[in-house]
Amino acid sequence: MCGIIGYTGNLDAKEVLLKGLSQLEYRGYDSAGIALEDGKGDVSLYKQVGQVANLKEVCQNAGIPLSHCGIGHTRWATHGGVTEQNAHPHQAGKVTLIHNGIIENYHELTDTYHLQGQLVSETDTEVAAQVIDHFYDGDPLKAIHSALEVLKGSFAFCILFADIPERIYCVRNVSPLVAAMSEQGAFVASDLTALISYSSSYFIVPEYHIMVMEKDHITLLDEQNQPVKPEMLEVNWDVESAQKGGYPFYMLKEIHEQPEAIRKTVLPRIKDGLPDFEQEQIPDSLFRNCQNIAIVACGTAMYAGMVGKALMEPMLRIPVSVNIASEFRYEQPLADEKTLVIVISQSGETIDTLAALRLAKNLGAPVLSVVNVKGSTIARESDYVLYTHAGPEIAVASTKAYAVQLASMYLIACRMSFVRGRYTVQEGKAFIENLLSCVPAIEKILEQTDEIEKAAHHIKAASDTYFIGRGLDYAYSLEGALKLKEISYIHAEAYAAGELKHGTIALIEENTPVVAFATQSHVFQKTISNIREVRARGAYVILITKESAEIPEGICDIHFTVDAKNDQFTGLPTVVILQLLAYYTSLSKGLDVDKPRNLAKSVTVE
Ligand code: AGP
């Protein structure tokens, strides 16, 4: 949700900002803008609607004088349409600022500070700029502190004050900000992707601390304006892993990175053939003592949780619920100290997931989070963290992060079964062997993409598609449908196969694509019957089964198989087929696979 970057140092600020914005563009790409300070306090703005490439073009042809200090923003619109006026940076008096987040009381502030008639945009951000300028009398710290007392909501701000050259002030609440210092200057950004080419160590700006960036140092001040030492972290990604590496789109690259991501996530946690979380300091008592599990997440991460539930309930025989974080946080959830709350998030910054985590902790529940981004807010606020090792995921459509979330569900399910006496050592070891066999099974899928591309060509003309399955297959179908709709804009609905005839089957007509999953032996025949029902109504059926399955003649139009000996482990290879199906459909429609419309990578607003 909006990417922000700030820089002051000895490099060409315009180049640093534009490069950083390209790297942060997955966070939002409705419009982009930069503000450059000329070393004497004069600030010039450059903004463009659309992708960062548009802004780059304008800046390249504008004959912009060299500047060494500036701020940049790529927007995911919340308040006000996609226009140049609404694009950041915003200016008010001596203040120029960029913002990620939402100022919830901006209407009220507009009235209190009589801003009607002065505002040139429809954004909450411009109101924040006005409020800071209102308090500014030459003392930036005082102005920021006064503004913080009246601003409500989430924010990460980078602020330039016109009479203070070469300095950037930053402050945040909830919305993320990371910073780094190198010989080239001081850098701040929404996330690491924009910083890793400059520094291998960084820190997370603590909430409500004011960070003052100067070209040769950064000062961090606590709420009482006392200098504090930032807690330095080491980057665990390399620059290359955040680039396309010869692939046409990040999504395709990330799909292909899944075998490695799974290996990196699983192997370091295996000791004597069993999952072991000693290094993460996750005690067995956490798994032994809980009476139920509540999984909380959003989107794809939540669908990984659906697979977790379908796996864990039969294995553990305790209730496992999967909760949409934005619902959980407002609906008086049933969780207490006997509930193990498992929070899943790639970014570790999703605002609803974070709020749900905080609520769970208030209810006394221990929280274990499964997070990809090291040091993110969700990771820091959880009682225990199991980091996934997918590396940076740039494409908006999540692929490798989902794969490692699934791998983590398997690890947790296995450790819990063992700790609770439901698995013997032998059973645990066999489970992990099966999990690791998913890696070659995925590699096999990645080697045969032609058929998937063919199926995509059939789907691309459809207006509606259906994904059906039972049990674990139903959980996979949810993710498959989400992937297709988010990057191809084709309506895709996932349905429990047996439920279809209670209404939704009315929508099936001649040639409607139905992606059917029948990888679960105990309901195989039942699903086959459901497929017959849609086929009888003209559906174009794409069927996924295990390699060993014997399917009735004429049951489908296209048949994909996954190599899995055990039904519990069909998910990872199956989902790779679905990811590729979505990818090729989007590609064949000529869409921007990595930057689907209306979406942003991390959703840091409600
Ligand atoms: C899926 O492809 C999405 N981009 C989206 O659903 C995502 O999984 C969701 O917003 C949760 O994000 P998180 O894992 O960073 O919390």
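Author: Let's start with the term itself: on a 1 Å grid over the protein atoms alone, a pocket is an open set of points where a 1.4 Å probe fits, with protein on both sides within 12 Å along at least five of seven lines, and its lining residues have an atom within 4 Å of a point. This is a predicted model, so local features need pLDDT of at least 70 and side-chain atom pairs count only at pLDDT 80 or more, while totals for chains, interfaces and linings use all residues. Residues are numbered from 1 along each chain as its sequence is written, and side-chain values use heavy atoms, leaving out hydrogens and water.

Now the pocket. Its lining has 32 residues, and Cys298, Gly299, Thr300, Lys601 and Val603 lie nearest the centre. Helix H9 (299-316), strand S19 (339-345), helix H11 (351-362) and helix H17 (472-488) are the elements that give two or more residues to this lining; helices (H or I, at least four residues) and strands (E, at least two) are DSSP runs, numbered from the N terminus. H9 gives the most, with 4 residues. By type, the lining splits into 14 nonpolar, 12 polar and 6 charged residues, where Ala, Val, Leu, Ile, Met, Phe, Trp, Tyr, Cys and Pro count as nonpolar, Asp, Glu, Lys and Arg as charged, and the others, Gly among them, as polar. The space inside comes to about 640 Å³, a volume being what is filled by probe spheres set on the points, with grid points joined across faces, edges and corners.

For the second largest pocket, the figure is about 330 Å³. Of its 17 lining residues, Ser241, Lys264, His389, Ala390 and Gly391 are the closest to the centre.

As for the whole chain, 61% of its 606 residues count as buried, and it holds 19 helices and 26 strands.

Note on methods
Buried < 20%, exposed > 50% of the residue type's maximum accessible area, 1.4 Å probe, protein only.
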